[in-house]
Each structure stands twice: as structure tokens, then as C-alpha cells.
Amino acid sequence: MLKFGNSTIPKGISYDKKDIINYFFKIKTNVVENATRVSSPYMMGHMTSALPFFHKHISKLISSLNQNVVKVETSSTMTFLERETLSKLHRAFYNMEDNYYKELLTKNDGCFGCITSGGTIANLTALWISRNNAFPKTDNFNGIEKEGIISALKYYNYNDIAIIGSELMHYSFKKAADILGIGLNKIYTIPVDSEYKIRIDLLTEKLQELKQKRIKVITIVGIASTTEVGSIDDLEKLADLAEEYGAMFHVDGAWGGSFILSDKYRHLLKGIQRADTITIDGHKLLYTPIGCGVVLFKSPFLPTTTIRKVANYIIKTDSMDHGKTTLEGSRPANALYIHASLNILGQHGLRYLLETSIENTKYMYNLINLYPQFEIISKPITNIFTYRYIPTWLQNKNVQIKNKNNDINSSFYTTNNNNNNNSNNNNNNNNNNNNNKIYLEKYNNSDNAYERINDVTFNNEESEIIDDERLRKGFVSKTIIKTTKYPNCTNGVAVLRVVIANPLITKESIKTVIEEQIEFGLKLEKEYCN
């Protein structure tokens, strides 16, 4: 941090070539050499990945052209490339007829979606549309965008506004509710089931309750791959409820929406084509650089009637300017990144990357499930799953639970058992029993010892080991999730979270990460036992 403590701006322009070289040398030393290696095959903890080779050249092109796609006047060709890119994504989800796209591509009063800087702005745009659509203009009312929330509620005879979705909704919805004047307390989160999907029964009850209280639900949010565990809601049933209760249906598919391009896994998104709006991030599973969010509109005229804003000097009503319906004003031509991925990688290339990521995730899941040192908390629906480290003195109980729940390791995925792993694990158990004797005495008589692993794995003292871990090869993230597996852990269970998207990840790198985690676990146990 001390390397970045200079708060003064240099006084003049540097004409000396040596000064310029020196600047880049400092950037290389202080930034590049110590930057997080997101492309590493041992980086399995976040939604970042190695990128296709061509994006390096696309990036140079974008910065060299420096187009501003807020209006046609500053992006004469990129505006239309962006429209084409959005039409490709719209067709992937909604699959209208050829003439539908040919006609709308030439119209100036509709758009298939908006390119944004990320999923946060995409979700905010979707909720912005939902809010305005719920309280439209009439002969006697100028609409919520002009009159405001209080006047809108009064005119339409509602007591309040609500957004509703699962308790695993992304935190960007809190930001959106705050910015739109709805309030965080008006986000109603519904518990999830054992598969981490929103409970439809509880959702229906809450919708009925809000209806009786004259609270207008503007949006029902479905999640196509939650950030924590990768679960996908029952989108078909959510679409039914949205229609029944007169709410817009938004799907946050920032991570999992890309699986629409996989013939093998497209069925996981059944019902997404009924969504009024869809968020998808290009910089996640379309393999583009950071800064490529997208929000799609089932009806291209939806934003025109709800959020369009114009100005005399820049974005005129009858123009093709994209700035009319985007929250952000000046924007770079990042649509070119998505356009390149869709055209160069194409359906087959992206499908291969997506399906390979899932196969690698299955492999790691199966391997981890063989070890008594780990307990699976959430199974991989796509390419995310969670688990936790089990201390040596509880590993026998872990094995008993695994045997009792054979459906976890036999019916979900099949794998080849590795007898050598089991024998090595037994040796580790014997060698470390004495080391753990002191700590074992604290919990030996506790009824909820197995649920109190959080006390061992997530503590302030862990920071030293985490810092040490950064010097090693492997990395997975950590989080806390609520699980029906341990209902008494009302504050959630501490878990390790795996996200596998990087095509450079191999079976060997997966094995290395697991072996390192076992080593760290033993080191952590010794810290607590000394």
C-alpha cells in the first residue's frame, strides 16, 4: 500500500523519454508484477478468467478509436454494431422470426437492450423500467417519472412498492432499491429450499399478503445461477406468478444466462424466454474483458415508453442514439468485445468453453467428495459449488454422514474411487489425533459440535494463514451461506466457494489446489491446538 501513497499531481508534462520509461517501469514493478493472477489455472475462487487472445487486439482498437456510443455523431459505425450485438443476444433468448429482427434493426423507436458497465447497472436499469412501468402516465397522471413515488402511490391507491426474490439475490438489488427511492426494507427476500432455489410456496404466500396490504409488487426477480452457490430458480413458475400478480419478471442471469448457448445445459434456463428483462454479463461467461454488462428487453419498445430521455444537443427523439435509453451517458464501444466473442468463438466455441467449465467443476466436486477432510454444502448445478474443511477430530463423523447420504456422491455424479487417497487420509488422521486432543476436549461433549466448525475455520486468527495462502498456487474464495442441511446455524455456515470458468484449469491444477487446502487445514488445526 505504501507504494501508492503519493497524493500529489506532477507539475508539468514530461518530454524526457527516460521519464516515460521510468513511469512504465514503476507500473511494471508496483502493479503488474504484484497483480492478482486471474488467468492462473490455480485461481478458482472468483468469476474471472483467462481471455481469448483476440481481445487484446480488440482492446487496442477500442481505445484507439475512442468512440462514444451515447450518440451516432460520435460513434457512426459502433452504434449499429452495438444494435447488431444486442439483436444476437436477444435472439438467443427470445428467438423471434427473421423479419422481426430485420425490421427492428432499422427502427429508431425501439431497442433490444442496453450495453452497460456491468450487471449492477443492468439490474438497476431493469428495476428502473419496472418501477416506471408499474405507474404509467394516464390522462390525469403524468407518470411516476414526473410525479414521483408518493404521488404515484396515491393516484393508483397503493400503500407501498415492493421488489421480491430469493434471499440469494445479488447485492446490486439493494443498490437499485436505494437509488430508485424504493428503500431496502421494501425488498422482500424469500428463503430457499435444499437446492438453494426460491421456495415457491412461501413466495406465493408473500405475494398474496402484499396484495391484501395494497403493496404493489413491481418486480419478481428470478436468478439464473446465484453468486454464492450457482443455483437456478424455477423460472417457469416465477413467470406464472408474475403474470398472475401483475408484476414484471426480471431474470438476473449475469452469471448463468450464457448457458443459453449450450445445447446440453440450456434446459436449466427453462422459462427465461418469458422474462420481461434479462441481465447477462459478457465479462463473465461470454469471456470478454471486464466492463460488459447487458440488459435485454423482451419488448424492444419497453424502454421507449418507460425510461427514454432526450436532449436537444445530443440524443434527439427521432435519432438512433442509444443514449436515449441507457442510464449511463458517455460509454466506450465495449459492445465490440461481445461482438467479437459471439462471432469469433461463435456458438460452438462458447458452448465448448461453457461445457468444459462444468465438466471440470464436476471433476473437482467428485474428487473433494472422496476426502474425509471435506464436506459438500452445495452441489454444482453449473460451475459453482461450496464445501468446507472438516477438522481431523470430526472426520469420522463426516464419513458416517457421507455414507448415510449416498445420494450426494452416487446419484448426482459418478466417479472412480481412488483407494490411495483414502489410505493417505487415514494416515493423516492417525498422525494428527494427538495434536487435536486439547481442542477436541472443548467440543467433545457438545451436541452441535459438527455445526460449530465455523469457530475453527473462520476466525480473526485465520488472516495469517490466508495471507500465507496468497503466496501459494491455489485460491478459492470464502463466504457464509444459510443451508437447510444445518437449520440450527441461523447465521449461516462458513464455506469455501469454487468457481470454475477458466479454460486453462486442468485436472492437475485442481488436484494441486485440493492438496494445498488439506495442508492449510492441518496447519490451521495446529494453530488452534497450541
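Let's zoom in on C114: is it buried or exposed?

Mentor: Buried, with a relative accessibility of 3%. Here, buried means under 20% relative accessible area, exposed means over 50%, and partly exposed is in between, using a 1.4 Å probe and protein chains only. Before we go on, this is a predicted model, where local features need pLDDT of at least 70, side-chain atom pairs count only at pLDDT 80 or more, and totals for chains, interfaces and linings use all residues. Residues are numbered from 1 along each chain as its sequence is written, and side-chain values use heavy atoms, leaving out hydrogens and water.

Back to C114: the closest cysteine sulfur, in C111, is 4.9 Å from its own, so the two are too far apart for a bond. A disulfide here is a pair of cysteine sulfur atoms within 2.5 Å, and searching the whole structure turns up zero of them. C111 is in no disulfide either, and it is buried too, at 9% relative accessible area.

From there, look at the nonpolar cores, meaning sets of buried Ala, Val, Leu, Ile, Met, Phe, Trp, Tyr and Cys residues joined through side-chain atoms within 4.5 Å. The largest has 67 residues, and I164 and I220 have the most contacts inside it. Helix α13 (residues 335-370) gives this core its largest share, 10 residues. Helices are DSSP runs of H or I with at least four residues, strands are E runs of at least two, and both are numbered from the N terminus. Another core, of 43 residues, lies apart from the largest one and includes I161 and C489.

Now follow α13 to a neighbour. Helix α2 (residues 54-65) meets it through residues including F54, I58 and L61, with L336, Y337 and I344 among those on the α13 side.

Last stop, strand β6 (residues 277-281): five of its five residues are buried. T277, T279 and D281 sit on one side, with I278 and I280 on the other. In a regular strand, side chains alternate between the two faces of the sheet.

Key. Contact means heavy atoms within 4.5 Å.
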